[in-house]
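Have the structure open and follow along.

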Amino acid sequence: MSVGAERGTVRVVIYLRVTDEQGPGAVEELVRAYHEASKALQGTPGLLRNELLRDPQQPVLFAVLSEWEDRHSFLEWEEGVRHKGQTAPIRKFADARSAGMSFAVYDVVAAYSE
């Protein structure tokens, strides 16, 4: 067991949705946009990893889950000048209907891994 609060690890979830208005190739476009944004984010201080997730029950719903060393690293990047440009490719898919916001920030309190 690792206690994340001691490490300060933070997870950020960005909620994404593909709509009918975006057309039949929108899912592939979202995946390409994710890869483009991820490449732009390579080397970002404090960013440990990110993943594109898809809801198997509602395949138009996606999320990007990113892991950051600590809240400070995430906030420094989020408030920086590169943030909007790096995430621009996926912004058109933002889904603010999930809990009223298009993203959420979580402190890791505890975690298990093998």
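Let's start with Arg71, which counts as partly exposed because its relative accessibility is 33% (buried is under 20% relative accessible area, exposed is over 50%, and partly exposed is in between, with a 1.4 Å probe and protein chains only). Before going on, some ground rules: this is a predicted model, where local features need pLDDT of at least 70 and side-chain atom pairs count only at pLDDT 80 or more, while totals for chains, interfaces and linings use all residues. Residues are numbered from 1 along each chain as its sequence is written, and side-chain values use heavy atoms, with hydrogens and water left out.

Arg71 sits in helix α3 (helices are DSSP runs of H or I with at least four residues, strands are E runs with at least two, and both are numbered from the N terminus). Setting aside neighbours within four places in sequence, Arg71 is in contact with Gly8, Val10, Val105 and Asp107 (contact means heavy atoms within 4.5 Å). Tyr106 is 35 residues from Arg71 in sequence, yet their C-alpha atoms are 9.1 Å apart in space.

Ala111 and Ile90 are 21 residues apart in sequence and 29 Å apart in space, C-alpha to C-alpha. Ala111 has 25% relative accessibility, so it counts as partly exposed.

Now for the inside. Which residues make up the largest nonpolar core? There are eleven: Leu16, Val18, Ala26, Leu30, Ala33, Tyr34, Ala37, Phe62, Val64, Ile90 and Phe93. A nonpolar core here is a set of buried Ala, Val, Leu, Ile, Met, Phe, Trp, Tyr and Cys residues joined through side-chain atoms within 4.5 Å. Helix α2 gives the most to this core, with five residues. One of the core residues, Ala37, touches Gln86, Thr87, Pro89 and Ile90, again leaving aside neighbours within four places in sequence.

A second, separate core has seven residues, including Val10, Leu47, Trp68 and Trp77. Ring pairs link Trp68, Phe74 and Trp77 into a cluster, and the structure holds three aromatic pairs. Rings of Phe, Tyr and Trp (its six-membered ring) pair if their centres lie within 6.5 Å; planes under 30 degrees apart are stacked, over 60 edge-to-face, and the rest tilted. Trp68 and Phe74 pair edge-to-face, at 5.5 Å centre to centre and 70° between the planes. Trp68 is buried because its relative accessibility is 2%, and Phe74 is buried with a relative accessible area of 4%.

Finally, the pockets. On a 1 Å grid over the protein atoms alone, a pocket is an open set of points where a 1.4 Å probe fits, with protein on both sides within 12 Å along at least five of seven lines; lining residues have an atom within 4 Å of a point. Points join across faces, edges and corners, and volume is the space filled by probe spheres set on them. Ala, Val, Leu, Ile, Met, Phe, Trp, Tyr, Cys and Pro count as nonpolar, Asp, Glu, Lys and Arg as charged, and the others, Gly among them, as polar.

| Pocket | Volume | Lining by class |
|---|---|---|
| Largest pocket | About 390 Å³ | 14 nonpolar, six polar, three charged residues |
| Second largest pocket | About 170 Å³ | three nonpolar, six polar, two charged residues |

In the largest pocket, Ile14, Trp77, His83, Thr87 and Ile90 lie nearest the centre, and α4 supplies the largest share of the lining, five residues. For the second largest pocket, the largest share is four residues from α3.
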